Amino acid sequence: MRRMKAFALPGLIAGLALSTAAAAFPIKAGQGTYQDPGITDDTIKIGLFAPLSGPARAYGEDPLNAARMWYEMINEMGGIWGRKIELVIEDDRCTANDLVAAVKKLVEQDQVFMLNGGSCSAAAVAAQEYVLRNKVPYVMLNASGDGALYPPTDYIFGGISISQRAVGGIAVDFVVKHFNAKKIGYINHDDAYGAWNLETAEYMAKEHGVSLSVESINPNITDVTAPMLKIRAANPDVLILTTYARPAALILKRAHELGFKGPIVLTVTGTANLKQLVENVGTKDAFANFYVQDVINDSPDGPKQRWIIDMYKKRYPDLAAKPDHPTPYMPYGVASAQTVTHALMLAGPNPTRESVARILRTLTFESGVMAGMISFGENDRAGQESSIFLKFDGETQVLQPGVYTSRWTYKP
Amino acid sequence: MMGDWQVYWLFLQQGIASGLVTGSIYALLAIAIVIIFKTTDAPNFAAGEIFMAGAYIALYLLIFSQIAYVIAVPVTLAITFVFSALFYRIVLRRIGVSPAVAVNVVIATLGLSFVLKGIVRNTGFGDVPRSFPAVFGADTVQIGDAVLTTQDVAVFALALLAMAIFFVFFNYTRTGRAMRAVGMNPRAAALVGIDLHKTRMLIWGLSGLLSALAAILIAPKILMTADMGIVVILGFAAAIVGGFTSLPGAVVGGLIIGIVENLVGLFVSTRAIVVAPFIVIMLVLAIRPQGLFGGPVVIKKV
């Protein structure tokens, strides 16, 4: 218990600094009338949503649990400016139709003050038009959502885990600095996700003066012989994979069969369940020279992550007892909820949707969870653009030195 | 360092070798589609989900029930056989008495595909990509410059064996010949005493069995998800290239699709892999509308 407290303090201090200030602030909100829906003298209503059913449930359920535990903790500490946070939770099933329907219900029927949700980029991006038309501040949960972040808008904020544009550039930066790579193999998807991460990968490759051999594959590919053979023929110093988990497993397996010995770096797009990845590849030998990207501030079982894991275990003891829980994506939900509570606090005792959105546009804070600062700016609506790397031998993860930050910026 | 021609030579060998392996699975799926089309006159749009369900049944028996491979595989094949036959008996036979039969059959198979996918998703097994335990190891085998695994070689050999068994069954057994007769001319088949419904029920069962067999063979290579049935699109592509009513055409079509996928990925672009089968379909249909092995075009309705 004593140990838990020792670890919990630094993270809580870092993460709670602004929110607790609001909770402890002597001024109590309560002007009686408010220009926006979802806010009263005692409560502020937030629409929280994620895929809670369907095949993508694993991407969103635990980040939503994490966001909820943060909001509950803020409520236990007195709320924000004396207002308790009231959550209305919806299941977006990771599909554009369901997410837009959930957002419309939350805004029109439940009359929430602001939105916090979405774990799947394509679905989250689909809500863009509706959110902008209704001028509701929208902070994505753990979707990167690049399609709605660039060009920047006044009300949508995402990439709290990391933006796809940051993913590719950071991976290139890491392999150049860590392996002194001159020729880099790069396998991405031929969808918008892949195009976004390739854009910054090419930017960073140009900046470092290294070459990139790119093979773009369909996410539903079943035979990866062709891309892997072409990569092997290009003879790169290192291979970067920015694919989803299933193609990543197929490529790792084929790379091993074809005798590819160079380092392989898998970005955070495919690391949802490393245990399952090993099982799917079928042999630990394929992980002899293998690295994974992560966007939190320590290895998942490292001391800097301890406070949030302990908080989760305390809040959800039944869930924590299940295998593979908390999931690797769980901490992202806390950073997203922190973004909301920090903005609400800084907006003062009488926030409006407009004032909260204005605060979000320049918000910067240390989450105590993620690899880098959560930071938005004039042309930047992606909150987190840093990552760490871990060597993974099929069993244990060893943190590699350094935090790598994207240097790509959006040019209007 | 290899020269350009050596690399292209390697690509060609590897493309053909790997293409034959995946192509043999497409061929099995194409046979499963063609035998139903020949006898029911409608494509089975649930073929992909029967394929997917077969893989999950086998996985459940092998991993979660800890049943030995030699028992789990025949039990899976038997379950899919009985299930598919019952689907014909309970659903399609009823639909057969209504007008607009072909459309209704198509809608019924689409419905079955949604039901099967929904069931697998609700079990929780379909949430993450899962590996299917392979019987054969991942040791590599060198054929020329191409590298295959023993699993690949076994998949190809077993698929060919299954096709050979079906060839013998359709050509040299009384039931198999009755099935061909129903496919060629159901009215004449009925006149000589063949029970149409019983034969069609058996064909549906066999189609399900073939789909499950293809799934068990390919699942260790492609990983399992509730959406893995999408592979059957390539079975349809193979059937169309082969002629849709021709069993040898289905086999050749499957192998062509498998090889073209790989060669296009290696010599054109990996982005083009998914569109390659459809370009082949368009080319075949433009040059030979009845497919490579299809008979003359017959207008049945005006």
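Gln66(B) is an exposed residue, with 8 other C-beta atoms within 10 Å. The model is a predicted one, and Gln66(B) is a handy place to start, since its phi is positive, at about 55°, although the residue is not a glycine. Gln66(B) sits in the loop that runs between α2 (47-64) and α3 (69-95) of chain B. Leu223(B) also has a positive phi, near 70°, and again the residue is something other than glycine. Its place is the loop between α8 (196-222) and α9 of chain B. As for surroundings, Leu223(B) counts as buried because it has 23 C-beta neighbours inside 10 Å, and the cut-off for that label is 20 or more. Gln66(B), by contrast, is exposed with its 8, as the label covers counts of 12 or fewer. Most residues other than glycine have a negative phi, and most peptide bonds are trans.

Chain A brings in the peptide bonds. The bond from Tyr150(A) to Pro151(A) is cis, with omega near -5°. Pro151(A) belongs to the loop between α6 (146-149) and β5 (156-157) of chain A. A cis bond also links His325(A) to Pro326(A), and here too omega is near -5°. Pro326(A) is found in the loop between α13 (317-320) and α14 (330-346) of chain A.

Back in chain B, the fold comprises 11 helices and two strands. Going along the sequence, the elements of chain B come in the order α-α-α-α-β-β-α-α-α-α-α-α-α. The C-alpha trace of chain B spans about 70 × 50 × 35 Å along its principal axes. Of the 302 residues in chain B, 50% are buried. Among the contacts in chain B with a separation of 6 or more, 73% are between residues 24 or more positions apart.

One helix pair in chain B can be followed residue by residue. Helix α9 (residues 232-242) of chain B packs with α10(B) at an angle of about 120°, and the two axes lie 7 Å apart. With that angle, α9(B) and α10(B) are therefore oblique to each other, since the roughly perpendicular range runs from 65 to 115 degrees and roughly antiparallel means over 145. The crossing of α9(B) past α10(B) is right-handed. On the α9(B) side, the residues that meet α10(B) are Leu234(B), Ala237(B), Ala238(B), Ala239(B), Val241(B) and Gly242(B). Their partners in α10(B) are Gly249(B), Ala250(B), Val252(B), Gly253(B), Gly254(B), Ile256(B) and Ile257(B). By class, this α9(B)–α10(B) contact has nine nonpolar residues, four polar ones and no charged ones.

That leaves the contact between the chains. Chain A puts in 31 residues and chain B 29. On the side of chain B that touches chain A, α1 (4-40), β2 (146-149) and α10 (247-267) of chain B each supply at least two residues. The largest share of that side, five residues, is from α1(B). Sorted by class, the side of chain B that touches chain A holds 14 nonpolar, 11 polar and four charged residues.

How values were computed: Residues are numbered from 1 along each chain as its sequence is written. Chains are lettered from A and ligands numbered from 1 in the order in which they are written. This is a predicted model: local features need pLDDT of at least 70, side-chain atom pairs count only at pLDDT 80 or more; totals for chains, interfaces and linings use all residues. Two residues are in contact if their C-beta atoms, placed from the backbone, lie within 7 Å. Helices (H or I, at least four residues) and strands (E, at least two) are DSSP runs, numbered from the N terminus. Ala, Val, Leu, Ile, Met, Phe, Trp, Tyr, Cys and Pro count as nonpolar, Asp, Glu, Lys and Arg as charged, and the others, Gly among them, as polar. Axes are lines fitted to C-alpha atoms, for helices over the stretch in contact, and angles run from 0 to 180 degrees between N-to-C directions. Angles under 35 degrees count as roughly parallel, over 145 as roughly antiparallel, 65 to 115 as roughly perpendicular and the rest as oblique. A crossing is left-handed if the near helix is turned anticlockwise from the far one by less than a right angle, and right-handed if clockwise.
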